[in-house]
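User: I would like to go through the terms used for this model and see what each one rests on. Please set the values against the cut-offs.

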Amino acid sequence: MLSCTSGVAIGSALTVCIPAGIHADRPKQMNIVYIMCDDHSFQTISAYQHPLSRLAPTPNIDRLARMGIRFDRAYVENSLSTPSRACLMTGLYSHQNGQTMLDNAIDTTITFIPELLQASGYQTAMIGKWHMRCEPRGFDDYRVLSNQGEYYNPRFKTPDTQGRYLRQKGYATELIADYAIDFMEKRDKNRPFLLYVHHKAPHRPWLPPMKYLDLYEDVDFPLPETFYDDYDSRGAAARDQRMRIDSDMSMIYDLKVYGYDSTLYDCDRFKNWKGSLSNFTQDERRAWIAAYDRKNEAFLRASESMTHDEFVRWKFQRYIKDYVRVIKSVDDSVGRLLDYLESNHLMDNTLIVYTSDQGFYMGEHGWFDKRFMYEESFRTPLIIYVPGGKGGLTSDALVQNLDFGPTFLDIAGVPQPENMYGRSILPVLRREGREPRRWRKTLYYHFYDHTPEHNVMRHDGIFDKRYKFIHFYDETGNKPSYEEFFDLQTDPNELKNLIDDPKYRRLTDKFRKALDATRKDIGVTEF
Ligand code: SGN
Ligand code: CA
């Protein structure tokens, strides 16, 4: 902790301690560096101490956690990329900002949070994955990837490229860190800044940088407890999804077994693996395929006599290894940003956030991807460093991605618009992670993107840290709606749906009513 010789009041809430004598002329408002990955699971951040991450640690994200607060109850309001980004930009629920699904559009008449900070004197920048259909807005500077972005030699658009995306040589995660540092280096040092660093990594198809292709090759990653879930007691959504490692993960596109006979395997017919390597240089492509061919040799030899279970376990290992190789590079980039902030004496007036656009399944319930209100995708990693605060803390305050907008406004001293249901997290930070009095008791979730690729039914629900009530419905009205209810204290893996258990009748009635009241309160009309 810094010794506080002079204090600067930030917005309505926080005092940053600035040691006397240095940086007397620096801006009074706190800078914000917001780092967000795409699909990063808390299970693969070693600060969260999950068995997977113990074998593939993230020392730099942990370094941030040692200086800050690890949130163990951080959630999203709609577990998908564009809805999560629209929520970040507007501070509004999906049904309020229009971006309910992956491919529909945000209501562009809404003012974006960075526009409000810009108007209050902040320099703002967006680097990396933007993903929404509208133009980036509210940024003095931006360098954004095209659509989902590419890992190798990705294309970026800037305010100077006349709307065109220009290819840059390099690996996306490293380029994004370069550009973020470049922005900080060139900024006007007399004004505060808000910098969004949005990685493409570790989104599917999990392409690691060349230097890490063999990392963890000999490590055997443990299967999650729920890998063989049979979805007993849960409804059609859990049973009919298409997110299974055994049957929906492609051998060629996802798992890079380029010599695999795709006619043997249903889901490969739909995947153009060449497309995923199309912007590699010829040399990169040759080296890449040779590296995977070497690794695949033993598998292809053994595969003919493998049992189905051995085959699925092999898929799990390849999936996790490529995923954590991609994360290794993300972790390096976090280290570079922290080094920059430290060596430029920015740690005492910069709030740093590390998070993801949602969680991700690392084989839990047999799955990859996200979407569900079940824990691993609903919950997202969140670590926040606040200058002058104690480090190495954990928080079980109930927070949601709706809160980032209000938090940034609070830091900038800009009043929060009335229609935002999120809450500034600053009071939680000030209380070393403890929930302030009159903090929210429940969170609302709503998923809409019921599309064939992963086939997850629409659902909404309410969660109070212990109990989760979910209502699944079919937008076409062809399938019946149904409910699920879980007690996470006795069943943290959400395997036992208690909705029909008479012992829980009183509680389920209470949650059904609370869900209904929340929908009315926030104006949800579809469910
Ligand atoms: C792509 C992926 C899906 C993924 C969505 C949404 N398929 O469509 O697996 O769920 O993105 O991801 S892929 O074959 O194109 O890789 S999100 O993170 O953008 O929400
Ligand atoms: Ca995502």
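**Helix packing and sheets**

User: Why are helix 6 and helix 11 called roughly parallel?

Analyst: This is a predicted model. In it, helix 6 (residues 172–186) packs on helix 11 (residues 308–343) at an angle of about 15°. Angles under 35 degrees count as roughly parallel, and helix 6 and helix 11 are therefore described in that way. Their axes are 9 Å apart, and the crossing is right-handed.

User: Which residues meet in the packing of helix 6 on helix 11?

Analyst: Helix 6 contributes T173, E174, A177, D178, A180, I181, M184 and E185. Helix 11 contributes S329, V330, S333, R336, L337, Y340 and L341. By type, the residues of this contact divide into 8 nonpolar, 3 polar and 4 charged.

User: Which residues of helix 2 are buried, and what do they pack against?

Analyst: The buried residues of helix 2 are N60, I61, D62, R63, L64 and A65. Buried means under 20% relative accessible area. These residues pack against helix 11 and against strand 4, strand 11, strand 12 and strand 13.

User: What makes strand 9 and strand 13 the edge strands of their sheet?

Analyst: The sheet is open and has 10 strands, in the order 9-8-7-6-10-3-11-12-4-13, with mixed pairing. Strand 9 (166–167) and strand 13 (393–395) each pair on one side only. At the strand 13 end, strand 4 (residues 69–71) is joined to strand 13 by 3 bridges, and the two run parallel. I69 stands opposite L393 there.

User: How do you know that strand 4 and strand 13 count as paired?

Analyst: A pair needs at least two bridges, and 3 bridges join strand 4 to strand 13.

User: Which helices lie across this sheet, and at what angles do they run?

Analyst: Helix 11 lies across strand 3 (31–37), strand 10 (193–198) and strand 11 (350–356), and runs at about 175° to strand 11. Helix 13 (residues 404–412) lies across strand 3, strand 10, strand 11 and strand 12 (382–385), at about 165° to strand 3.

User: Why do strand 15 and strand 18 stand at the edges of the other sheet?

Analyst: That open sheet has 4 strands in the order 15-16-17-18, with antiparallel pairing. Strand 15 (443–447) and strand 18 each have a single partner strand, so one side of each is left without a neighbour in the sheet. From one strand to the next, the twist averages 15°.

User: How many bridges hold the pairs that involve strand 17?

Analyst: Strand 16 (residues 458–463) pairs with strand 17 in the antiparallel sense over 6 bridges, and D460 stands opposite H471. Helix 15 (residues 505–522) packs on the sheet, touching strand 15, strand 16, strand 17 and strand 18, and its direction makes about 65° with that of strand 17. Strand 17 (residues 467–473) is also joined to strand 18 by 6 bridges, again antiparallel. In that pair F472 stands opposite Y482.

User: What makes strand 18 mostly covered?

Analyst: In strand 18 (residues 482–487), 5 of its 6 residues are buried.

User: Why does H471 count as buried?

Analyst: The cut-off for buried is under 20% relative accessible area. H471 has 11% relative accessibility and therefore counts as buried. H471 lies in strand 17. Leaving aside neighbours within four places in sequence, H471 is in contact with R458, H459, D460, S481, Y482, E483, L515, R519 and F527.

User: Where is N147, and what does N147 contact?

Analyst: N147 is in the loop between strand 7 (141–145) and strand 8 (155–157). Beyond its neighbours within four places in sequence, N147 is in contact with K129 and H131. N147 and H345 are 198 residues apart in sequence and 35 Å apart in space, C-alpha to C-alpha.

Methods: Residues numbered from 1 in each chain as written. Chains lettered and ligands numbered in written order. Predicted model: local features only at pLDDT ≥ 70, side-chain atom pairs only at ≥ 80, totals over all residues. Heavy atoms only, no water. Axes fitted to C-alpha atoms, helices over the stretch in contact; angles between N-to-C directions. Parallel < 35°, antiparallel > 145°, perpendicular 65-115°, else oblique. Left-handed = near helix turned anticlockwise from the far one by under 90°. Contact = heavy atoms within 4.5 Å. Nonpolar A, V, L, I, M, F, W, Y, C, P; charged D, E, K, R; others polar. Buried < 20%, exposed > 50% of the residue type's maximum accessible area, 1.4 Å probe, protein only.
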